[in-house]
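Me: I'd like to go through this model and ask what sits behind the labels. Can you set each one against its definition?

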Amino acid sequence: MKNTEKDSIIPAKKFSVLFSRRAKRFIDGLTEQKKERIRERVNELAKDPYRAGKRLMGGLKARNVWSSRVGDYRLLYVILDPENTVFVVRVDLRKRVYRPM
């Protein structure tokens, strides 16, 4: 039995991406160019949220919060693996996004 390249490809699972009201409101207030950059990152989150960001340390680590950088902005999100869902909790400038939620 030959092991072909096609046989060794594992199909990637796709994640649904949901936004909190706060994150959605912030994105709605951005320019179209910035919205497009965030859209591109959200597509990456849907493909593989573990590679599109990093897990946060400190108090946010206990809540399983991840962060993804888009220019001066950060997307904070939680990965709900059993549901194949990424929940974007917060989007804001780096200097404000890590303040207590």
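**Labels and cut-offs**

Me: Why is Y50 called partly exposed?
Reply: Y50 has 37% relative accessibility, so it counts as partly exposed; buried means under 20% relative accessible area, exposed over 50%, and partly exposed in between (1.4 Å probe, protein chains only). As for the background, this is a predicted model, where local features need pLDDT of at least 70 and side-chain atom pairs count only at pLDDT 80 or more, while totals for chains, interfaces and linings use all residues. Residues are numbered from 1 along each chain as its sequence is written, and side-chain values use heavy atoms, with hydrogens and water left out.

Me: What makes Y50 and W66 an edge-to-face pair?
Reply: Rings of Phe, Tyr and Trp (its six-membered ring) pair if their centres lie within 6.5 Å; planes under 30 degrees apart are stacked, over 60 edge-to-face, and the rest tilted. Y50 and W66 sit 5.3 Å centre to centre with 80° between the planes, which makes the pair edge-to-face. Y50 is in the loop between α3 and β2 and W66 is in strand β3, so the pair ties together parts 16 residues apart in sequence. Helices (H or I, at least four residues) and strands (E, at least two) are DSSP runs, numbered from the N terminus.

Me: And why is the pair of W66 and Y77 called stacked?
Reply: Their ring centres are 6.5 Å apart and the planes lie at 25°, so stacked it is. Y77 belongs to strand β4, eleven residues from W66. Y50, W66 and Y77 form one aromatic cluster.

Me: Are W66 and Y77 buried or exposed?
Reply: W66 is buried, as its relative accessible area is 11%. Y77, at 0%, counts as buried too.

Me: How do you know that the span of helix α3 agrees with what it should be?
Reply: The expected span is 1.5 Å times one less than the number of residues. For the 16 residues of α3 (residues 32–47) that should give 22 Å, and the end C-alpha atoms are 23 Å apart, which agrees.

Me: Which residues of α3 are buried, and what makes them one face?
Reply: The buried ones are K35, I38, R41, V42, L45 and A46. Seen down the axis of α3, they fall within an arc of 150° (taken from the directions from the helix axis to the C-beta atoms), so they line one face. The face turned away carries the exposed residues Q33 and K47.

Me: What makes β1 and β2 edge strands?
Reply: Two strands pair if DSSP finds at least two bridges between them. The open sheet runs β1-β5-β4-β3-β2, and β1 and β2 each pair on one side only. β2 and β3 pair in the antiparallel sense over two bridges.
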